[in-house]
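Subject: Structure for you to look at

Hello,

Here is the structure I said I would pass on.

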Amino acid sequence: MSATGTRERAAVPSVARAPSEPRELAGCALVTGASRGIGAAIARELATAGWSVAINYRSDREGAEGIAAALGEAGATALPIGADVTEPGAAEALYSEAESELGRVLVLVNNAGLTADGLSIRLTDADWDRVLETNLSAAFRLTRRALTAMVRARFGRVINVASVVGQRANAGQANYAASKAGLIAFTRTVAVEVARRGVTVNAVAPGLIETEMTDGIATGLADAIPARRPGTPEEVAACVGFLASDEASYVTGTTLTVDGGMTA
Ligand code: NAP
């Protein structure tokens, strides 16, 4: 992609861009937690690249339907699917619906995530479990479900949304840090297991990104970031778009940090 292309992309809201021609590979992309924030931007990015997109949400049905409708108006195919990824059987339910409506899932983005912060000395079992279940165990179950069809197709992209907190300390987030560090290690290992099959498995590690998750704190922390600003969901989505692309076919087992230089 040319430098000019990159500048144009940054200036234009993703949803306003015309989607590419539908891809030749019959299949779709599934993005978990795509009702808002980074997941919604990833859904827009993949739709713009020509993928039909399954937009998973847990509670924000209106948000997911709004994103799907906007993508539909722009000429893309997008299907909202409600499922709490931590529920037993959620992976199967999500996959059944996505596969029956849109075809096999060739791109899986494990984006659904949450925080439940507290210093370790006071962290409850419930907050530990909730964060690990959502951010790590659900990603494992969805990836496991994804791999058979990808291996059979000899093409697949699994992209896990980790965090810089999986790479460096952040007091008050021991549960979140453990989940994201686990996700990064999981990414590396699965990548090696399926590398021969045309399936790549990568992670992105965003720094501070302006979304509901960081509501109210993002701008105040800008001084700690070399770029002197929080990132946008679209800047993370662009990296996911690259990892999902044909051009990234030899990139696997890695974590792409998207943090304005924070961890540099
Ligand atoms: P957000 O605005 O809070 O959005 C979180 C999304 O995850 C929502 O769509 C939510 O769905 C969904 N979700 C949460 N639990 C779910 C579950 N059990 N099942 C299905 N969906 C679920 O967060 P965000 O900032 O966009 O974060 C997205 C990802 O990026 C997360 O993995 C987060 O850890 C990671 N990240 C964010 C930042 C940041 O600075 N924002 C930095 C590093 C990494 P509902 O609204 O429908 O419940």
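Predicted model: local features only at pLDDT ≥ 70, side-chain atom pairs only at ≥ 80, totals over all residues.

The ligand

The shell around the ligand is made up of 32 residues, and S35, R36, N111, Y176 and T211 are the closest. Sorted by class, 13 of the shell residues are nonpolar, 13 are polar and six are charged. Three elements, α2 (37-48), β2 (52-57) and α6 (174-194), each supply at least two residues of this shell.

An oxygen atom of the ligand has a polar side-chain atom of S59 at 2.8 Å. The side chain of D84 places an N or O atom 2.8 Å from a nitrogen atom of the ligand. With V85 it is a polar backbone atom that lies 3.0 Å from a nitrogen atom of the ligand. On its own the ligand has 900 Å² of accessible area, and the protein covers 97% of that.

The pocket

Where does the ligand sit? It sits in the largest pocket, which has a volume of about 1,200 Å³. The lining of this pocket consists of 49 residues; G113, T115, Y176, T211 and M213 lie nearest its centre. Two or more lining residues come from each of α2, β2, α5 (125-153) and α6. Of the elements, α5 gives the most, with four residues. By class, the lining has 21 nonpolar, 17 polar and eleven charged residues.

Regards

Definitions and conventions
Residues numbered from 1 in each chain as written. Heavy atoms only, no water. Near = heavy atom within 4 Å. Polar contact = N/O pair within 3.5 Å; in protein donor to acceptor, adjacent residues only side chain to side chain. Areas by Shrake-Rupley, 256 points an atom, 1.4 Å probe, with all protein chains shown as cover. 1 Å grid on protein atoms, 1.4 Å probe; cavity = no way out; pocket = protein on both sides within 12 Å on 5 of 7 lines; lining within 4 Å. Sits in = over half its atoms within 2 Å of the grid points. Nonpolar A, V, L, I, M, F, W, Y, C, P; charged D, E, K, R; others polar. Points joined across faces, edges and corners; volume = space filled by probe spheres on them.
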